[in-house]
Amino acid sequence: MRVPYSPYLSSRKRSFRRLVRRLQREYAYASLLATDCTGTRYEVRRGQVSVLDSRWNERGCVARVHDGTGYLEASFNRPLSPEEVLRLLEGTAGGGARMEYPVHREQPLRRRWRSSVRLLPEAAGVEKTLARLTNLRDRAFACSSLLADMRLVFEAVTVRKLFLSGRRELEQAYLWSQGSMVPVVRRGEDTRYVHVGFSGLKGVELLDEMEGKLEPAVALAEELLSAAKITPGTYEVILSPAVAGLLAHEAFGHGVEMDLFVKGRAKAAGYLGARVGSDRVTLHDGARAARQVGSYWFDDEGTLGGDTVTVEKGVMRAGISDLLSALALGTPPTGHGRRESFERKAYARMANTFFAGGRDRLEDMIASIPRGYLLEQYSSGMEDPRNWGLQGIVLYGREIADGRLTGRLVSPVIMTGYVPDVLGSVSAAGPEVRLEGAGTCGKGHKENMKNSMGGPYLKCRLRLG
Amino acid sequence: MLQAVLEGLRRAGVLNAWRIVEQQVESRELFLVGTRADMRRAKEVSRLQATVYRDFSRDGRACRGSATARLHPTQGRRELERALRAAAGAAGHVLNPAYPLVSPGGPAPQVPEAPGVPDLGGALDSLGAVLLETGGVQKGEKARLNSAELFLERGETRVRNSEGVDVRFGFFQGSGELFVEAEAPGGPVELFQPLAFARVRADELRVELDRQLELCERRARAVPTPALGSPPVLLTGVAVRELLSYFTYHSSAEAAYGRVARFRPGEGVQGRQVDGDPLTLSLEPYLEHSPSSVPWDVDGWPLAPTALIEQGRLLRWWGPLRWCHYQGCPPTGHLPNVRVGPGSRGLAELRRGGCLEVAVFSDFQCDALTGDFAGELRLGTWQDPGGGRQPVTGGSLSGRLPELAGGLELSAEILRLDGYEGPAGVRLASAAVSGG
């Protein structure tokens with residue numbers, strides 16, 4: 001099924017063009033990004049059901065101009081006249097020194113893209129979607145007496161954007177969906193839970209994937225009630241594709257966002273062409289590098305998405321940039337200029353970030369570890385691009401002793417380390433790369449957005465607590 | 001127009017009740033790199049969200065289903081009606097037990113009006129000048145401002161529902177980020193501080209910047225955190241707010257209804273034995289410094305200060321009308337701020353006997369459901385039992401709050417953050433510390 005384009009954007013395109021032309025009379029460069037994103041979030045848990053509009057819903061515009069020194073922006077969602085938009089832009093004026101940027105010269109391009117999914121949310125209908133989720137909840141309660149709550153979420157969002165400038169007219173429509181299941185179990189005073197995420201450039205067919213994971217998720221939550229605390233220390237570990245993704249994202253991904261190069265906040269800026277990891281480390285980042293929730297055809301500044309190899313066989317090759325950081329640094333923009341919504345500024349942001357696969361087998365990795373852990377699901381992470389510190393909170397680890405999984409679990413696990421040490425310690429990588437993007441990524445503590453991350457099973461050394 | 005469309009749909013039997021939350025927002029934003037403006041932005045937006053309700057019975061049980069729809073000022077009457085009909089259709093499949101909507105009346109909230117900031121651009125310049133002026137000067141010759149972002153947002157919120165509630169109030173919210181850096185033997189180090197403020201005070205921003213510069217200088221002198229085992233820990237700053245949020249979560253009617261709440265009214269919240277300070281906690285609609293302060297919640301419920309925990313004992317559940325109705329307790333509305341009573345001893349006393357004092361984490365998190373907490377140390381101070389103090393960085397700290405709640409020791413000094421006023425420090429009997 002083809003994802004429909006926005007009737008609103010189609011109907012307003014002519015007036016948006018007039019606005020850009022009017023702005024071009026006043027400014028050396030002018031562009032407009034118009035958005036119309038719609039989605040619904042379904043939540044089911046014990047004793048309650050919710051149908052909510054997605055937090056990613058938006059409809060509005062952001063105008064960007066170059067005023068002879070640098071760039072200014074105005075965000076709005078009422079039908080403003082060109083003169084009102086000019087007034088808003090003029091209202092940004094203020095004192096103090098400014099960064100100087102060159103005027104952006106774009107290659108002409110006019111194109112429209114639309115994606116397809118197997119089942120559009122409208123075709124599935126609210127009743128059937130809710131029925132499938134409530135059935136999953138009821139199945140979960142039927143299989144565990146320890147279950148205190150079962151939280152299920154399904155969300156599908158249609159992203160539709162129009163970018164206009166003097167030389168570009170780009171339109172895209174695509175749909176992503178995500179889901180999660182969180183069984184919460186309780187025994188006595190102890191409460192544990194598991195978070196299993198699902199995501200993709202998919203429609204309601206994502207629910208099929210969730211169906212098959214329910215019982216294992218509940219069983220795992222029950223297992224966590226018996227999990228031990230980990231003894232802090234440095235261990236040989238195997239990262240699941242999900243935890244490898246967390247490493248790719250937090251350890252290295254944020255650190256190569258090139259707006260941080262401009263600020264002098266990224267240690268990676270001094271490592272271009274230098275070794276940052278072992279030969280087994282190759283990292284990709286790009287909207288077209290994979291098909292996941294971080295995929296798009298053009299970014300929020302009208303730059304086409306691509307596939308940037310940031311690290312190749314352990315050597316840092318490139319960063320990822322938004323338009324302004326590329327202009328400041330004199331590098332080509334890589335199509336990573338992304339906004340939380342039309343209301344926010346664009347920054348250099350990750351799209352789909354992942355380790356490339358290798359040839360090592362998981363069984364061999366386990367067999368090679370005398371004492372360590374297989375880390376399987378993450379909760380959260382935090383970047384430290386300046387100092388390359390790593391923080392990741394992992395839901396649980398499976399103990400490995402004498403080359404075998406012992407069946408014992410530790411939970412939760414906090415992993416820390418110095419990024420080049422961790423990447424330098426990668427000694428094996430599995431063949432199959434898996435990505436997921438059921439969470440959100442912030443820049444610091446704000447500017448949340450969708451992207452995906454992943455990799456193969458990776459063996460490395462980490463400090464665990 | 002939206003209200004008229006909703007009323008039309010109600011009369012036609014498409015829906016039974018509705019609520020509209022509307023915000024008019026204007027903002028000015030400044031992005032600094034060093035002492036230069038990287039970008040300036042302006043924003044004027046209307047945010048509009050409608051919730052529609054359908055009442056029906058299923059298996060003899062009264063149900064109220066709801067669905068929300070985000071609407072846009074560029075939607076014409078036909079498009080609005082289509083979106084609301086779709087939401088009403090969805091609400092008909094939401095089988096939740098019936099609950100009432102807020103009715104008009106009740107005492108008006110005693111909350112001061114948000115400060116008027118007539119000239120957002122001028123206010124932004126006054127704050128930006130502090131950063132440009134102070135940031136260029138190296139504090140102690142080592143630390144300086146790297147970059148910053150400032151957002152000033154003002155507007156009005158209006159809440160209406162089909163019961164006749166129609167309340168409106170102005171708001172002002174300042175926010176932003178400071179990144180400071182300092183030279184260290186192994187290369188520059190940085191610290192990051194989110195900002196949230198309820199009034200434009202250049203002097204307060206200067207104090208915060210100076211504090212961050214000083215902390216960053218300390219980080220530059222820090223050594224890797226040694227493997228300390230499980231020492232006593234003194235948490236300070238935003239980690240205190242995060243840690244104590246566990247107690248408000250487990251006191252909520254929503255958590256109780258979902259059968260995940262650990263506490264019950266009349267019972268203790270800190271376990272069977274309380275050796276530390278018993279907790280006293282209230283929820284507040286208004287704290288002078290908190291930009292989250294509001295007089296009414298999103299249902300239009302008038303908010304009032306609410307005592308929640310006294311001397312370690314839960315007094316009542318709290319929450320919006322729906323969850324309190326389900327639990328059969330009086331509603332409090334959704335209160336945005338927490339006030340925690342101070343402890344009897346000062347920070348200096350809490351440091352005695354040795355502890356790891358943590359000033360900055362990369363991202364301290366306390367899982368509200370389980371009480372597990374963890375964070376990577378950006379800056380701490382290891383105070384050995386003999387009184388020696390050493391700044392430390394790196395490594396991690398983790399623990400389980402339910403096992404430590406009875407021994408919490410709260411500082412007499414008060415900390416004020418967005419949504420929080422309470423002890424500036426909390427001492428935990430022990431937490432696992434992995435070395436850096």
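## Model and confidence

Chain B has a mean pLDDT of 94, with 98% of its residues at 70 or more. The structure is a predicted model, and the predictor assigns the complex an ipTM of 0.94 and a pTM of 0.95.

## Contact between the chains

The interface brings 64 residues of chain B into contact with 65 residues of chain A. On the chain B side, strand S2 (residues 36-58) gives the most, with eleven residues. By class, the side of chain B that touches chain A comprises 28 nonpolar, 21 polar and 15 charged residues.

Strand pairing also crosses between the chains. Strand S4 (residues 71-76) of chain A runs parallel to S2(B), and five bridges join the two. Within this pairing, A:Glu73 has B:Arg41 in S2(B) as its bridge partner.

## Nonpolar core

The largest nonpolar core contains 276 residues. Those with the most contacts inside this core are A:Ala63 and A:Leu239 from chain A, together with B:Val52, B:Leu84, B:Ala91 and B:Leu243 from chain B. Strand S6 (residues 147-165) of chain A supplies the largest share of the core, eleven residues.

## Domains of chain B

Chain B is divided into domain 1, spanning 120-221, and domain 2, spanning 233-434. Taken over C-alpha atoms, the centres of these two domains of chain B are separated by 24 Å. Contact between them involves 15 residues of domain 1 and 17 residues of domain 2.

On the side of domain 1 of chain B that touches domain 2, the elements giving two or more residues are strands S4 (143-161), S5 (166-182) and S6 (189-197) and helix H4 (202-221) of chain B. This side of domain 1 has nine nonpolar, three polar and three charged residues.

## Open sheets

In chain B, six strands form an open sheet of mixed pairing, in the order S11-S10-S9-S12-S20-S19. Strand S11 (313-314) and strand S19 (414-417) of chain B each have a single partner strand and stand at the edges, so one side of each lacks a neighbour in the sheet. S19(B) pairs with strand S20 (residues 420-423) of chain B in the antiparallel sense over four bridges. One bridge places B:Arg416 with its partner B:Glu421 in S20(B).

Chain A has an open sheet of six strands, ordered S13-S12-S11-S16-S25-S22, and its pairing is mixed. Its edges are strand S13 (315-316) and strand S22 (434-436) of chain A; each has a single partner strand, so one side of each is left without a neighbour in the sheet. Strand S11 (residues 283-285) and strand S16 (residues 352-355) of chain A run antiparallel and are joined by three bridges. A:Asp285 stands opposite A:Thr353 in S16(A).

## A loop glycine in chain B

B:Gly116 belongs to the loop between helix H2 (77-91) and helix H3 (120-135) of chain B. A residue counts as exposed if 12 or fewer other C-beta atoms lie within 10 Å of its own; B:Gly116 is exposed because it has 9 other C-beta atoms within 10 Å. From B:Gly116 to B:Asp203 the separation is 87 residues in sequence and 18 Å in space, C-alpha to C-alpha.

Terms used: Residues numbered from 1 in each chain as written. Chains lettered and ligands numbered in written order. Predicted model: local features only at pLDDT ≥ 70, side-chain atom pairs only at ≥ 80, totals over all residues. Core = buried A, V, L, I, M, F, W, Y, C linked by C-beta atoms within 7 Å. Buried ≥ 20, exposed ≤ 12 C-beta atoms within 10 Å, placed from the backbone. Domains from an automatic or database assignment. Contact = placed C-beta atoms within 7 Å. Nonpolar A, V, L, I, M, F, W, Y, C, P; charged D, E, K, R; others polar. Pairing = 2+ DSSP bridges. pLDDT = per-residue confidence, 0-100.
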